[in-house]
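Trainee: Could you take me through the aromatic rings in this one and what surrounds them? I'd like a close look at that part, and I'm new to the terms.

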Amino acid sequence: MRSSPSSAASLAQRLRRGGRRLDRWLRGTYLELVYSERYQLELPGNDPRRGERILSALDGAGLLDPRAVHRAPLAPFRELRRVHGDAYLDSLVRSDALLQVFGLELPDYAVERAMAGQRAMVGGTQLASRLALASGRLAANLGGGLHHAFADKGERFCIFNDVAVAIAGLRAEGFAAPILVVDLDLHDDDGTRSIFAEDPTVHTFSVHNRTTSEVRAVAATAIELGSEVDDDAYLGILGERLPPVFAAAHPELVYYLAGCDPAADDAIGDWKISAAGMLRRDRLVIDLARRRERPVPVVIVLAGGYGQEAWRYTARFFSSLRPGGRALEPPTTAAVTLTRYRQLAGELRAGEQRPEQEAERRRRPGRRRHSPGEADWELSFEDLLPNLGGPQRPQRLLGACSRQQVELTLERAGLLERFRQLGFPNPAVTLDLEHPGGEAVRIHGDPDGGDLLAELRLRIDRNTAPGLALLRIEWLLLQNPREAFTPARPRLPGQEHPGLGMLRDVIALLIVACERLQLDGVLWVPAHYHTAAQGRRTSRFLHPADEGLFRALEPVLAGLPLPAAAFAVERGQVLDGATGTPLVWHPMQVVVPASDRLRQQLEADEYRRQADAAAAAHDFRLARG
C-alpha cells in the first residue's frame, strides 16, 4: 500500500537538489522509506530533523528514488486500541497525561504535538510493514521504535508502542506467521517484551545495557551487558546469540529497531561502539534475514539515538543496502544543514518574478497579475513607495530580502515551526533596517512584541579584511525566556535564558546569503569561549595568531564539558604556564568561509605556519581546584 502520488511527489520535491535529476533507474527500489514532518518533535536530547537529514544525505548521494518515499499517516485510535487499554488512552486527555512519559508536565499545545507526532510514527511503522510484506524486501520508518510503551502506560518518551500496534494490525488482517523483533537500541525492550509476554508467535530479542523490567516472556531473549561495552564484546555476543534465534524462530517478518545510542559519541549512551562496529551490527541483522533460502522482509525503525550526529549511522547503514553497494560516508551535520538551506534558496529563487513579468506589471499599475506559482508575498511595500512620495526608507534586508521573503524562508525552513513547538504559537518576524548597530531581524513570541526569542544584527563589512567582503554578525541572540536552566542544561557565560539550539541553522542560512550576495564569508567576534567553540567545525579565526591561541587552549579544556570549559576561561582558571597569569578572553574575529578566495587564504602555507607558531608559543594549564 503506497501513499498517494501527490503526497510522495510533494515530499520528494523538498528533497531534490537544485536542478539535478535523480536517476529513476537505480536497479530497482532497494529500500522503501516512510516519513512525516510530524516526527519533528522538540524533546530533550532529540534531534527533531533526524529523519530529514537521512533523506537529504541519501538524496545528495543520488540514492533516493522519489517513488520510494511515502508519507506516514496518523494511526487511528481503533488501531491503537488493539494494544493499548481504553483506560490508558482515556487518561491521555488529561493535562498531566504525559507527566509519567516525559517526566515533566507539558502545556496543552505540546501534548497535542507529541500525541500527533507519535501517532504518525505508529502509522509510519504500520505503512512500512505493509510495504515490506508487499515487496518481500526492506522498508524503513524514519521514526518509531517506541519500545518503552506498555499496554497500559507510557514511559521514557514513548506514548504508543508502534511495533506492537503494527503487529496487532497485521494479525487482525490475517497475517499469522512467526515474527521476530530484533531490538538493538541501547535500552531494554521492556514495553514490547511485556506486550508479547504470552504470545509464542512473536519472539523479542534485545541486547541492552540494563534490564529495566523483570517481565518474562514465552518467546524472548533479553541480554544485559552493562556499561562501557566495546565492539568486540558487542559483536561477539550478537554473532553468538542472534543466528540461533533466527534459526529457531523461523520468522516470516522481522522488525529491526536499529537504535544508534550504542554509538560511542551518543549524547546520553554509555557504550563505546565505533562507526564500523555499528555498521557491522546492522549488516549482520540484514544478512541473517536476507541471505536465507527464503529471504525475510524486514521493517527497520530508528529507535534511540541522541545528539546531532545520530542520523549519520543510519544514513551510512542505508547507503550500504543498495544492490552491490558498499557503505558511503555521510556528510557532516553542518554540510547537510547547509545543503538544505541551499535547496531552500533555490526554491525561493525559482518563485521570483522573471524580468518580463516585472516589466509587464509596472507597465500596468493597479492590476496584480498572477502566473502559475506566483505568490502574493512577492509584492513588497517598496513596490508602492515610488507612488507615495516622500523619502524612501530601506525595505530589504542587506538590500536583497523583503520582510515577507525573510519570514517565508524561516517558515519553509521549519524554524518558525520549532518556535511553535516550544510554546509560541504565533511567532512574529520584524525587520529594523535603520538600527545603528546593523540591520536587524527579530523574532518575538507573539505579534505584540512579547518574549524576544531571536535577534540578529548584520552589516556588510568591506574594511576588516583587505580584498574581502564579509557578512558581519554584530549581535546574535537565541533564547527561550520561558525555559529555566537545569543541571542538564546549565547557564553559560553571558546567558540570561537557555539557548534554542539553532546556531547551526542560522550560520547555514547566512552562508547561503553570502553565496547569493557574492560575499566571501560570515564574520563575527565571539564574546565568550563557548561561542567560538560551538562553531569550531565550520569556522576559523581570521588572524593566524588567534587561531594558534585557540588551538593551544583546546587540549587544556578538552576533558571538560562545554559549560565547565566556558566558566574556566571566564573565571580566570586557565593560566599561562610560564607566568601563571590568568588568560583574559579578548575579541578575536572568526570567519566561516563562503568563497574559494577566503578558503584559500585560510589554508595558505603562511597562515598555517603562523598559526602553528602561535600555538607553540602558548603553554596553558588549568588552575588546581
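Mentor: Let's start with what makes an aromatic pair: rings of Phe, Tyr and Trp (its six-membered ring) pair if their centres lie within 6.5 Å, and the planes count as stacked under 30 degrees apart, edge-to-face over 60 and tilted for the rest. Keep in mind that this is a predicted model, where local features need pLDDT of at least 70, side-chain atom pairs count only at pLDDT 80 or more, and totals for chains, interfaces and linings use all residues. Residues are numbered from 1 along each chain as its sequence is written, and side-chain values use heavy atoms, with hydrogens and water left out.

Search the whole structure and you get eight aromatic pairs. One of them joins Tyr529 and Phe550, which are stacked, at 5.3 Å centre to centre with 20° between the planes. Tyr529 belongs to helix α17 and Phe550 to helix α18, so this pair ties together parts that are 21 residues apart in sequence. (Helices here are DSSP runs of H or I, at least four residues, and strands are runs of E, at least two, numbered from the N terminus.)

Tyr529 has another partner: with Trp585 it makes an edge-to-face pair, 6.1 Å centre to centre and 85° between the planes. Trp585 sits in the loop between β15 and β16 (590-593), so this pair ties together parts 56 residues apart in sequence.

Helix α18 covers residues 544-557, 14 residues in total, and reaches 20 Å from its first C-alpha to its last. That is close to the 20 Å expected at 1.5 Å a residue, where the expected span is 1.5 Å times one less than the number of residues. Its buried residues include Gly548, Leu549, Phe550, Ala552 and Leu553. Among the elements covering the buried residues of α18 are α17 (529-534), β14 (540-541), α19 (562-570) and α21 (605-617).

Technical notes. Buried means under 20% relative accessible area, exposed over 50%, partly exposed in between (1.4 Å probe, protein chains only). Contact means heavy atoms within 4.5 Å.
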